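Hi,

Here is the structure I promised to pass on.

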Amino acid sequence: MDRRAIEANVTSVQSSELLGYAPDVRVLIVNCDDFGMYDDINAAVIDSIEQGIASSCSLMVPCSSALSAMQLLRARPSIPFGIHLTLVCDSTHDRWGPLTAKQTVPSLLDDAGELFTSTPLGCAELLARARLDEVELEFRAQINAVADAGLTPTHLDFHCLADGGREDILDLTIALALEYGVATRVWLEPGREKMRRRGLPVTDHGFLDSFALDIDRKSARYAQLLRDLPAGLNEWAVHPSVGGEGSQAIDDGWRVRRTDYEFLTSRETGELLQQEGIAVIDYRAVQEVWSQIGVPR
């Protein structure tokens, strides 16, 4: 069988099957993004995993509440988590910067010497300017900070830059994931097809980002999405926060986060998952397959 035939055979198999599930099983990763951004998010993420349906989370290492998030993870070694690789800043009230010294990563900074904003314009300006070697310096700094804290992540993903925003950034991240023995969240084409040709499991279907959902009747929309969930590996990126007064003062998206939290921790949601027979997993199963690859081919 030639190479093209082999690749066609690989891509015809769902990622969920690579994880050991039958073709008709509906598999779902519910990952809480933005862990470490601020304390209300930290509290909601832990509650959404321990008391709700969320299965994992992603840590934003440069943020002000990252240290407390890492303390929470050390106290709860059973919680799987990834690193939410962060090159942009959301907040004007709490501006975080790169972990790497600013003079070593100038292409990642705006004209004021700060990380670009997470607005569409800010992300576009970053991607137009960022040098890949400086992206690698910052990504390694964030990964190594987690390792230095005695924690072991399961995967890498991106804050506000789907699949890294550029093909070379995605390729770099995949290489880093294979080097460090973790998986990478890959949501978009052509990245998904590229990973599947290599036998690496990624989501089988279009991703869900909770910021794309209307706040009104969100619980009903979520419930319908669960009922309609297709067979194969699916992933939802959710963004819970308890939405207290402090977060309301600094985060324009706090209502998105609060409604996510309410859905993830409701009794009705847990019952619906059981009724639908959906297998909720985390990135450990995906990481196991990725780590068997070891190095890029």
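**What I found**

Let me start with a loop: Ala 22 sits between H2 and strand E1 (26–35), where helices (H or I, at least four residues) and strands (E, at least two) are DSSP runs numbered from the N terminus. Before going on, note that this is a predicted model, in which local features need pLDDT of at least 70 and side-chain atom pairs count only at pLDDT 80 or more, while totals for chains, interfaces and linings use all residues. Residues are numbered from 1 along each chain as its sequence is written, and side-chain values use heavy atoms, with hydrogens and water left out.

Back to Ala 22: at 36% relative accessibility this residue counts as partly exposed. For that label, buried means under 20% relative accessible area, exposed over 50%, and partly exposed in between (1.4 Å probe, protein chains only). The C-alpha atoms of Ala 22 and Gly 232 are 8.7 Å apart, although 210 residues separate the two along the chain.

Ser 15 belongs to helix H2 (residues 15–18) and is buried, with 0% relative accessibility. Setting aside neighbours within four places in sequence, Ser 15 is in contact with Arg 196, Leu 200, Pro 201, Val 202, Asp 204 and Leu 233; contact here means heavy atoms within 4.5 Å.

**The whole chain**

The chain has 13 helices and 10 strands. Its radius of gyration is 19 Å, close to the 19 Å from the globule rule for 297 residues, so the chain is as compact as a globular protein of that length. (The radius is taken over C-alpha atoms, and the rule is 2.2 Å times the number of residues to the power 0.38.) Along the principal axes, the C-alpha trace spans about 55 × 50 × 35 Å.

Of the 297 residues, 52% count as buried. Among contacts with a separation of 6 or more, 75% are between residues 24 or more positions apart. On charges, there are 27 positive and 45 negative side chains, and the centres of the two sets lie 3 Å apart. Lys and Arg count as positive, Asp and Glu as negative, with His and the chain ends not counted; each charge is placed at NZ of Lys, CZ of Arg, CG of Asp or CD of Glu.

In soluble globular proteins, nonpolar side chains tend to be buried together. The largest nonpolar core here has 82 residues, of which Cys 57, Leu 59, Phe 139, Trp 236 and Trp 290 touch the most other members. Helix H7 (residues 167–180) gives the largest share of this core, seven residues. By core I mean a set of buried Ala, Val, Leu, Ile, Met, Phe, Trp, Tyr and Cys residues joined through side-chain atoms within 4.5 Å.

Leaving aside neighbours within four places in sequence, the contacts of Trp 290 include Ile 174, Ala 177, Leu 178, Leu 200, Pro 201 and Val 202.

Leu 170 is in helix H7 and is buried at 8% relative accessibility. Not counting residues up to four places away, Leu 170 touches Phe 158, Asp 163, Thr 184, Val 186 and Gly 191.

Over in helix H4 (residues 66–75) is Leu 73, buried at 2% relative accessibility. With the neighbours up to four places away left out, Leu 73 touches Phe 35, Cys 57, Ile 79, Phe 81 and Leu 151.

Cheers
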